[in-house]
Amino acid sequence: MEEVRATSAWVASHSSHVTVDSSGIEKVAEEMKDSIPKVEWNFEGIHYFDNGPLTVQYLFVLDALNFCFWPDNEMSYDHLAAGLKEALQNDKSAFDADRLQKYTGPELRKMLKWPRPLPLEDERVRLMHEVGFELERSFDGKASKLVESCEKSVAKLVALITSHFPGFRDHTVYKGHQVFLYKRAQIFAADLWGAFKGQGFGEFSDIKSVTMFADYIVPAVLEQLGVLKYSPSLSSVIESNREINSGSEEEVELRACSIHAVEEIRETIHRKTGNQVKFYCH
């Protein structure tokens, strides 16, 4: 995903609120280079998997909804993944394209066994409708057809997803420049690769092109590690638990600088060891 790397690097070099610290990168790379764990995709046991097209459908729905669990401290990705898994185990047609277009907020809550409105519930329901509509219109209702259309290329898959599904178009304008982040489209490709162990629906010739998935958790980890430094004004916003608006300079810098920092860590480890490293951050 060269456009993600290039535009994130541009943001990092023009950032006003977030700095990527080279000494922090060097320290983390040195500490990690001989002890990078190999983690299985479903090590928590929370995902649906049947080694077939239904798994692809499940993952596409899951990744369409995989965003913003804040400020509900009890809601997490694990709840979402496990709840959708159980729904599919109980009803194999739960994610058929025509049904995806009809779900309501209360029905989604019931599916996830969640007792109160979900964070950004209306947007999640809208995305379910969008996914169902476009799958039905362009891919015979099946996410597996979407994957088969990409000819085993992550770059082509991300391009297909972002052209057909507006909700996956994770890009913005920063200081007059277009910036591409493509978090959930890349997560879908990586989930396929992890779930199918690089075979079948998960076989991609360019899987190494995937970047870190820019969310709101990784920046906090990188800051703790000394890789990212925040301006006093941004630190004050974060410490007071105030919302950082989507598309704001601060939000774009946090996400883009995280991508650039992880790429720098990866390159530094490669320089030190000769090993290629894939970081899979959900």
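Let's start with Cys257, which is buried because its relative accessibility is 0%; buried means under 20% relative accessible area, exposed over 50% and partly exposed in between, using a 1.4 Å probe and protein chains only. Cys68, at 24% relative accessibility, counts as partly exposed. A search of the whole structure finds zero disulfides, a disulfide being a pair of cysteine sulfur atoms within 2.5 Å.

A word on the source: this is a predicted model, where local features need pLDDT of at least 70, side-chain atom pairs count only at pLDDT 80 or more, and totals for chains, interfaces and linings use all residues. Residues are numbered from 1 along each chain as its sequence is written, and side-chain values use heavy atoms, with hydrogens and water left out.

Now to the aromatic rings. Rings of Phe, Tyr and Trp (its six-membered ring) pair if their centres lie within 6.5 Å; planes under 30 degrees apart count as stacked, over 60 as edge-to-face and the rest as tilted. The count comes to eleven aromatic pairs. Among them, Phe60 and Phe188 are tilted, because their planes meet at 55 degrees, with centres 4.9 Å apart. Phe60 belongs to helix α3 (residues 53-64) and Phe188 to helix α10 (residues 183-195), 128 residues apart; helices here are DSSP runs of H or I with at least four residues, strands are E runs of at least two, and both are numbered from the N terminus. Phe60 is buried at 0% relative accessibility, and Phe188 is buried at 0% too.

Phe139 and Phe165 are stacked, since their planes lie at 15 degrees, with centres 6.5 Å apart. Both Phe139 and Phe165 are buried. Phe60, Phe139, Phe165, Phe168 and Phe188 form one aromatic cluster.
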